[in-house]
Structures are given as structure tokens and as C-alpha cells.
Amino acid sequence: MDDLEVWLTLLAIPAFDAVRLQQLQSIVSFRDIPTLSTSSLIEAGLTPLQAEKLKHPPLASIKTAMAWLQQDPQHKLIHWQHPAYPALLREIKHPPIALFAAGNHQLLASPQLAIVGSRRPTPVGKQLAKDWAAQLALLGLTVTSGLARGIDACAHQGALSVQGQTVAVLGHGLLHQYPAQNAKLFSQIRAEGLLVSEYLPDQAPLAPLFPIRNRIVVGLSLGTLVVEAAERSGSLISAGYAAEYNRELFAVPGSVLNPQAAGCHQLIQQGAKLTRHIADILEELDLQLSPQIPLNLDEKNYSTKALSDQGLL
């Protein structure tokens, strides 16, 4: 096998991360990993299922992945040994061994802020996510999210509305557009931003994969902003990753009568920074940005309207 075939074979192994890769490379060279016996693989820490997948990889999926990579010069495989692999992502507990990328892969090296939240946000939450994403993008931050319904989509849309930068981390292969209602947004991010996934391009959307991809959304980012989240929201998984990776965590407060704010209130009680405007984010991150809008941290004139503003209500 050449190196690309080995990478694609390893990417077909469920839950195989860079930690497992390094364990195997301590035994044999990279190209010789597929030649290890099943018993040697299990002794090195792989599960029987992982060892079986490595010895009998899905050849059709690997062939499809090769064709996808050759299809467009903007289709890339950013693997663990690639110079473009994001430094922040190397720091997380279970870093992916590679990312399939479609679009401007240089965005992986840009300063990113994750914006996540409810798939069923309130009108105020949707507008806030769009407004703050737009303002943060104008200040030079790349807005990163998961292209899900609700707050994720609003965050991407906000960044794109001002020709800002955005990265979408998918919980499925890049040959699929999911959810269907975000197909147009998928294409726009492909053209103007960056789509990434740790899964082979033909991997279909499956419910268990989406919480796992949240670690990448958070891992790429300097901090994570939770706009709206119910008490059992998937966004709290992202918040847990932020705490685990020692990344900044921001949460927007809301009405105590709003169930979509309950998760944010819980995060604030647990130590997330109560975030009233983007100044709270910028002051915490302390970044050297090149603002394209007037910036006055003392007056906070660039912040979005208050949540009690009658126009928004």
C-alpha cells in the first residue's frame, strides 16, 4: 500500500484516533501497519472490531474516497503528518487522524470561535447568533460550527453575510448534504469557506456520529459560545469538551421562563463566562485582530441589541 491507501484504510476503522495511530507506529513503520497480525493489533490496544476492520477494510469506500480526492484540487486529506494539520486539534484527548477538507483549507490555521446551540432556537436566539457571528467575522475570527439546524446554521449564515470566514465540521462524509434544508448553505460554505469531516466521503449521516464530531468543532476553536441550549441539549456535549480541553466557554443568558436558556444557565452556574455581548468574548480571548468595524471595548457600541429590545421581541 502507498501512504494514501494506508490513511484511508485507517480512516475506515471506527473510533480510531491519533492516540491509537501513535501506539501502532511505536511497533512498526506507518506503511507496515496493515501487515500487523490481528493479535498484534489487539495487543497494541485496538478492539477486536477495529482489528477486523483494519485487516478487512471497505475497499469500495476507499476507492470512492480516492476518486473524491482526485475530483477537485480543493479536495484535500489533511492527515496527522500533514503540515496543515491544526495545532489546536493536536491538543485534544482523541484527535482525528485526518480530516477530509473541501474549500479553503487554510482556514484551519485561522483563529476560530465555535458557536453552537439549540436546533430549535427562539427568534431572538437565531438573530443573536447571526448578528454576533457577523460581528466576530468582521473582527477577523473564523466562525466554526456543525452545520446543524438552528443556531449552527445561523452562525454560518451570519459569518457569510459579511463575507467572513466559516468552517463547518460534519458528522458524516462530504458526499452527503445533511440536513436537506441546509443544502444551499452546504454549497455556499464549500464555495466561500471550508467543509471538514473525519469520515470517509461516502459515510452516511448516523445519529451516533454527530456528538463525536463536536469534539472537533471545539478542538479547532479557541473558545466555544453556547447561544441557546435546553437542559439536555447536544450543545452541552460541546461545552463538556471545552471544559475537558481547557478552552474558553461562553454562555448567553436568557429568561428563566425560556426552556431553551436552561442549559446556558446551567453552564454559567458551572463556571462558563456569562456573555452579554461580543466584548466579553474578545476581552477573554485577548486576540490581536484586524477589525473591519469600529471597535470600542469601553463603550461596547458594536454589541448586538439587548435581548429585551422591543424590536427583537
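**View 1. The cysteines of this predicted model, with 0 disulfides found in a search of the whole structure.** A disulfide here is a pair of cysteine sulfur atoms within 2.5 Å. Cys154 takes part in none, and the nearest cysteine sulfur, that of Cys264, lies 14 Å away. Cys154 is buried, with 4% relative accessible area; Cys264 is buried too, at 0%. For these labels, buried means under 20% relative accessible area, exposed over 50%, and partly exposed in between, with a 1.4 Å probe and protein chains only.

**View 2. Helix 8 (residues 151-161) meets helix 9 (residues 183-192).** Their axes come within 11 Å and cross at roughly 45°. The axes are lines fitted to C-alpha atoms, for helices over the stretch in contact, and angles run from 0 to 180 degrees between N-to-C directions. The two helices are therefore oblique to each other; angles under 35 degrees would count as roughly parallel, over 145 as roughly antiparallel, 65 to 115 as roughly perpendicular, and the rest are oblique. Look for Ala153, His156, Gln157 and Leu160 on helix 8, facing Leu185, Gln188, Ile189 and Glu192 on helix 9. Contact means heavy atoms within 4.5 Å. Helices are DSSP runs of H or I with at least four residues, strands are runs of E with at least two, and both are numbered from the N terminus.

**View 3. Leu195 in strand 6 (residues 194-197).** Leu195 is buried, with a relative accessible area of 1%. Leaving aside residues up to four places away in sequence, Leu195 touches Phe100, Ala101, Ala102, Leu147, Ala168, Leu174, Phe186, Ile189 and Arg190. Phe100 is 95 residues from Leu195 along the chain, with 8.1 Å between their C-alpha atoms.

**View 4. Helix 13 (residues 278-285), mostly covered.** Of its 8 residues, 6 are buried: Ile278, Ala279, Asp280, Ile281, Leu282 and Leu285. The cover over these buried residues includes strand 3 (112-116), helix 7 (123-138), strand 7 (223-226), strand 8 (248-251) and strand 9 (273-274).

**Notes for all views.** Residues are numbered from 1 along each chain as its sequence is written, and side-chain values use heavy atoms, leaving out hydrogens and water. Local features need pLDDT of at least 70 and side-chain atom pairs count only at pLDDT 80 or more, while totals for chains, interfaces and linings use all residues.
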